[in-house]
Amino acid sequence: MKRGKKYQDAAKLVEKTKVYDTEEAVELAKKTAVAKFDETIEAHIRLGVDGRHADQQIRGAVVLPHGTGKTVRVLVFAKGTKLDEAQAAGADFVGGEELIPKIQNEGWFDFDVVVATPDMMGVVGRLGRVLGPKGLMPNPKAGTVTMDVTQAVNDIKAGKIEYRLDKANIVHVPVGKASFTKEQLADNFTALMSAIIKAKPASAKGQYLRSVTIASTMGPGIKINTSKLVG
């Protein structure tokens with residue numbers, strides 16, 4: 001795949017064989033974000049687990065201290081007083097059964113995160129086929145199935161992100177924007193890594209953090225020294 005000149009120039013700043021300390025890697029990720037828009041800085045974490053086994057599934061959520069730099073639209077499925085609570089907490093959309101056809105038949109997806117109270121999961125379950133593949137299905141592990149909708153909405157708006165393994169046993173998550181300071185990015189990255197290290201399943205054998213790379217949306221990958229992350 002042929003890359004543009006900007007990418008090639010940015011890639012020259014990164015030594016392919018070198019593993020960097022977090023601060024240095026973050027600084028490089030900012031430097032190599034040369035697109036005309038405010039690029040997202042993402043972490044790609046390859047783990048020594050086998051996600052095909054239920055006891056080695058890695059999934060959870062963490063509130064990034066400085067948020068993601070992105071405005072997140074929250075949809076809450078609830079009923080009764082919980083609807084008012086969600087609205088008061090700043091949810092962008094709230095509702096119940098009446099939203100099902102809108103999502104199912106009209107293809108309405110103007111939201112980034114779905115929260116549901118446990119008593120609504122029977123209703124939300126009917127959307128499994130459309131929400132599941134998009135990674136939007138509420139999940140107790142991620143804190144998106146809860147009676148405390150106020151807390152859930154507040155956390156998401158404050159920069160809570162969900163992480164989960166993909167089929168190749170890699171976790172891909174945003175840790176901020178290129179316009180963040182390197183301190184903000186390093187704080188966010190550290191918060192994410194401590195959550196992932198804590199989530200290590202007891203059944204995982206061998207090296208848990210196989211490789212950790214950060215990169216801006218259009219920039220080259222920068223390898224991070226994993227031995228320093230395990231602390």
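Where does T144 lie, in terms of α6 and α7? In this predicted model, T144 sits in the loop that runs between α6 (128-131) and α7 (149-158). The protein chain is divided into two parts: domain 1 covers 5-67 + 160-224 and domain 2 covers 74-158.

**T144 and its surroundings**
- T144 counts as buried because its relative accessibility is 4%, and the cut-off for buried is under 20%.
- Leaving aside residues up to four places away in sequence, T144 touches V113, V114, V115, A116, P138, N139 and I156.
- Among these contacts, V113, V114, V115 and A116 fall in the stretch of β5 (113-116), and I156 falls in that of α7 (149-158).

**Interface between domain 1 and domain 2**
- The centres of domain 1 and domain 2, taken over C-alpha atoms, are 27 Å apart.
- Contact between the domains involves 9 residues of domain 1 and 9 residues of domain 2.
- The size of an interface is often given as the accessible area lost when the parts come together.
- For domain 1 and domain 2 the buried area is about 780 Å², and carbon and sulfur atoms give 45% of it.
- R59, K160 and E162 account for 66% of what domain 1 buries against domain 2, more than any other three residues.
- How many salt bridges does the rule find across the interface of domain 1 and domain 2? The rule finds 0 salt bridges there.
- The rule does find 2 residue pairs in polar contact across this interface, both at pLDDT 80 or more.
- On the side of domain 1 that touches domain 2, the elements giving two or more residues are β2 (59-63) and β6 (160-164).
- Of the elements on that side, β2 gives the most, with 4 residues.
- Sorted by class, the side of domain 1 that touches domain 2 has 3 nonpolar, 2 polar and 4 charged residues.

- Side chains of opposite charge can pair when their charged atoms come close.
- The structure holds 10 salt bridges, including D21 with K228, whose closest N and O atoms are 3.3 Å apart.
- D21 is in the loop between α1 (5-12) and α2 (22-31) while K228 is in helix α9 (residues 227-230), so this pair ties together parts 207 residues apart in sequence.
- D21 is partly exposed at a relative accessible area of 30%, whereas K228 is exposed at 56%.
- E27 forms a salt bridge with K182, with 3.7 Å between the closest N and O atoms.
- That pair links helix α2, which holds E27, to helix α8 (residues 182-198), which holds K182, across 155 residues.
- E27 is partly exposed with a relative accessible area of 34%, and K182 counts as partly exposed at 33% relative accessibility.

- R73 and D112 form a salt bridge in which the closest N and O atoms are 3.1 Å apart.
- R73 lies in the loop between β2 and β3 (74-77) and D112 in the loop between α4 (99-104) and β5 (113-116), so the pair ties together parts 39 residues apart in sequence.
- R73 is partly exposed, with a relative accessible area of 33%, and D112 is partly exposed, with 23%.

How values were computed. Residues numbered from 1 in each chain as written. Predicted model: local features only at pLDDT ≥ 70, side-chain atom pairs only at ≥ 80, totals over all residues. Heavy atoms only, no water. Domains from an automatic or database assignment. Contact = heavy atoms within 4.5 Å. Buried area = accessible area lost by both parts, 1.4 Å probe. Salt bridge = Lys/Arg side-chain N within 4 Å of Asp/Glu carboxyl O. Polar contact = N/O pair within 3.5 Å; in protein donor to acceptor, adjacent residues only side chain to side chain. Nonpolar A, V, L, I, M, F, W, Y, C, P; charged D, E, K, R; others polar. Buried < 20%, exposed > 50% of the residue type's maximum accessible area, 1.4 Å probe, protein only.
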